[in-house]
Amino acid sequence: MHNKVNRRFCVAPMLDWTDRHCRYFYRLLSRQAVLYTEMVTTGAILQGNQQRHLQFNPEEQPVALQLGGSHPRDLARCAELAEQYGYDEVNLNIGCPSDRVQNGRFGACLMAEPELVAECVTAMRQAASIPVSIKSRIGIDERDSYQELTQFIAAARAGGCDTFIVHARKAWLSGLSPKQNRDIPPLRYEMVYQLKQDFPELDIIINGGITSLDESLALLKHVDGVMLGREVYHNPYLLSEVDSRLYGDDYPLKTRQEVILALLPYVRQQLQQGVRLNNIARHLLGLFHGVEGARAWRRHISENANKPGADEQVLLHALEFTV
């Protein structure tokens, strides 16, 4: 049984960051936010360690698997596996501009091939009953007109996609690094607003440059959902107010200290399975962002979580700096 996905607030897929430990931690802060995995290529799943790439904790739900690929048959098989593993959604990456991704003929360069994208979506929809979504840019290189964006959206919708997460910047496929592509092309939120007006039946989620819940609420007047990435990673306690402010839930907020105490049983379990403390603790560094003791918290974890035999005591000692 899959949760119904309410994408009013989503945490972006972030390579090397939103792994299963990160997502478990985020779920202690928000019950409602939709979480996304790091992008996983179809090749990694079909030719690599499937269990390592797809396994997650049920507590993370609702959680979506983000795929990188452009071969309809491979994407269909991966969508089928995503459903078998219990994911609530499968998302196709059509936003990453890196050279490696382009060389594999997937990511943002697929915006130039809307008919292929439609084939991919159709194949995934036929293989699995969970929702299929697309994460894209508003355009690539000189192909950045609103007309070209609507042609892309219309083709993917015809293939069966009804949910689009749109990073409101175009991508430059040559000349800018992936990091520069997150900041340099200007944000054009109005293009995403217009998509919602022109395709009211679609679920349109806006992404790019959003740094607060106040800003999120303002954007939700124009679109169906917001997706935040780096801001959540560097200031994860922002998630603690998502359920009350964006979803109307009224259960009490956990303090930052309570979040860490709630995480400890998971930490102990993972350590027993051979996971190193730093693999979990690195995601916790921003928890005390902006409050007294934040620097000492970060320093203690950074200096001690990597040591041989490091266990939950490192986190408990770090908490002493924050009281």
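User: What relative accessibility does Glu148 have, and is it buried, partly exposed or exposed?
Analyst: Happy to start there; this is a predicted model, in which local features need pLDDT of at least 70 and side-chain atom pairs count only at pLDDT 80 or more, while totals for chains, interfaces and linings use all residues. Residues are numbered from 1 along each chain as its sequence is written, and side-chain values use heavy atoms, with hydrogens and water left out. Buried means under 20% relative accessible area, exposed over 50% and partly exposed in between, with a 1.4 Å probe and protein chains only. Glu148 has a value of 29%, so it is partly exposed.

User: Which residue forms a salt bridge with Glu148?
Analyst: Side chains of opposite charge can pair when their charged atoms come close. The term salt bridge is used here for a side-chain nitrogen of Lys or Arg within 4 Å of a carboxyl oxygen of Asp or Glu. At 3.7 Å between the closest N and O atoms, the residue bridged to Glu148 is Arg143.

User: How many salt bridges does the structure hold?
Analyst: One group of them is a network that links Arg7, Glu89 and Asp203. For the structure, the count of salt bridges is 13.

User: How many residues apart are Glu201 and Arg157?
Analyst: These two form a salt bridge, with 2.3 Å between the closest N and O atoms. Glu201 sits in the loop between helix H9 (189-198) and strand E7 (203-207), and Arg157 is in helix H7 (residues 146-159); helices (H or I, at least four residues) and strands (E, at least two) are DSSP runs, numbered from the N terminus. Glu201 is partly exposed at 46%, and Arg157 is partly exposed at 36%.

User: In the salt bridge of Arg268 with Glu312, how far apart are the closest N and O atoms?
Analyst: Arg268 lies in helix H13 (residues 256-272), whereas Glu312 lies in the loop between helix H15 (294-304) and helix H16 (313-319). Arg268 is partly exposed at 36%, while Glu312 is buried at 14%. Their closest N and O atoms are separated by 3.6 Å.

User: Are the rings of Phe25 and Tyr26 stacked, edge-to-face or tilted?
Analyst: Rings of Phe, Tyr and Trp (its six-membered ring) pair if their centres lie within 6.5 Å; planes under 30 degrees apart count as stacked, over 60 as edge-to-face and the rest as tilted. By this rule there are 5 aromatic pairs. For Phe25 and Tyr26 the centres are 5.7 Å apart and the planes meet at 40 degrees, so the pair is tilted.

User: Which residue has Arg31 over the face of its ring?
Analyst: A charge sits over a ring if NZ of Lys or CZ of Arg is within 6 Å of the ring centre and within 35 degrees of the ring normal. Arg31 lies at 3.6 Å from the ring centre of Tyr251.

User: What covers the buried residues of H9?
Analyst: The buried residues of this helix are Tyr189, Met191, Val192, Tyr193, Leu195 and Lys196. Contact means heavy atoms within 4.5 Å. The cover includes H7, strand E6 (163-167), E7 and helix H10 (213-219).

User: Which residues does Val132 touch, leaving out those up to four places away in sequence?
Analyst: Val132 belongs to strand E5 (residues 132-137) and is buried, with a relative accessible area of 3%. Leaving out those sequence neighbours, Val132 touches Val90, Val121, Met124, Arg125, Cys161 and Asp162.

User: What is the radius of gyration of the protein?
Analyst: The protein has 16 helices and 8 strands. The radius is taken over C-alpha atoms, and the globule rule is 2.2 Å times the number of residues to the power 0.38. The rule gives 20 Å for 323 residues and the protein is close to that, so it is as compact as a globular protein of that length, with a radius of gyration of 20 Å.
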